[in-house]
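The sequence and structure come before the description.

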Amino acid sequence: VYLEADQLAIRSLFSTSLNMVSSMSSVAKYLDEPTINLIAEKTFGKQADSVDRLLNMDALVLLNTLSSNIPGRLRLLGLPDYGLDAELTMSARFLNKRLDYIETSEDQLRFFQMTPAEVYAGAITFVMKLFQNESDAILYLNKNISLTRAAASGDEEAIVSEMKSDGFNEFNKYTITDRNESITEKIVSRLSENKDKSAFVALGAAHLAGEGSVVQRLKAKGY
């Protein structure tokens, strides 16, 4: 069983590491003052030095911090916020299957480091909008449900459509689309090492459809 990555390790790294990708002082150039003040207050409270502390943060750490609040908000609305990583991990261990990861946290970090500051600004603005507005948060959750259903049914057109209308569209280009080649090569390597065994590979739906998807790249290699 191969999962995309060890999500616990990634969340830990992205929550605690400093100066990993882009400083908020660079990202702030693409945000207006009211938004900066609002983010600073949301992150550090109403403190005199909250904006200065914000500008010294790493953009990816901030994005992770803000995003972690969205599930909590959805729980308050009585909506689920769980994923399949834990369930797949437990199932693999229960069935005594070998469990491995396609990417390390360092592999993913490399692509986050190549993401421009203005793209981080757009993603952070979108997350703030989700957290502030209940209807937007519900709409975003419903879009994720639609994406999951599209993936389950194998509807590639629907997956691509949902991804294009996502508020993270530009951010996804750097952190999902551009990673597909690397992910494909790692999958092929894992399969080549275990030719006599079947494998179950679990990836996020965003990697499975559209131009340059992992599925398309694997087919081109004869899979």
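In which sense do β1 and strand β3 pair, and over how many bridges? In this predicted model, β1 and β3 (residues 201-202) pair in the parallel sense over two bridges. Strand β1 (residues 2-5) also pairs with strand β2 (residues 100-103), in the parallel sense and over three bridges. Y2 stands opposite D100 in β2, and its bridge partner in β3 is V201.

D107 belongs to helix α8 (residues 105-113). Its relative accessible area is 16%, which is under the 20% limit, so D107 counts as buried. The D107 side chain reaches the backbone nitrogen of T104 at 2.9 Å. Leaving aside residues up to four places away in sequence, D107 touches I102 and K186.

The structure holds two aromatic pairs, listed below.

| Pair | Centre distance | Plane angle | Class |
|---|---|---|---|
| F112 and F171 | 5.9 Å | 45° | tilted |
| Y120 and F171 | 5.4 Å | 70° | edge-to-face |

The pair of Y120 and F171 links helix α9 (residues 117-132), which holds Y120, to helix α12, which holds F171, 51 residues apart. The pair of F112 and F171 links helix α8 to helix α12 (residues 169-175), with the two residues 59 residues apart. Y120 is buried at a relative accessible area of 0%, and F171 is buried at 8%. F112 is buried as well.

A charge also sits over a ring: K173 lies over the face of Y174, at 4.7 Å from the ring centre.

Key:
Residues are numbered from 1 along each chain as its sequence is written. This is a predicted model: local features need pLDDT of at least 70, side-chain atom pairs count only at pLDDT 80 or more; totals for chains, interfaces and linings use all residues. Side-chain values use heavy atoms; hydrogens and water are left out. Helices (H or I, at least four residues) and strands (E, at least two) are DSSP runs, numbered from the N terminus. Buried means under 20% relative accessible area, exposed over 50%, partly exposed in between (1.4 Å probe, protein chains only). A polar contact is a pair of N or O atoms within 3.5 Å; within protein, one must be able to donate a hydrogen and the other to accept it, and residues adjacent in sequence count only if both atoms are side-chain atoms. Contact means heavy atoms within 4.5 Å. Two strands pair if DSSP finds at least two bridges between them. Rings of Phe, Tyr and Trp (its six-membered ring) pair if their centres lie within 6.5 Å; planes under 30 degrees apart count as stacked, over 60 as edge-to-face and the rest as tilted. A charge sits over a ring if NZ of Lys or CZ of Arg is within 6 Å of the ring centre and within 35 degrees of the ring normal.
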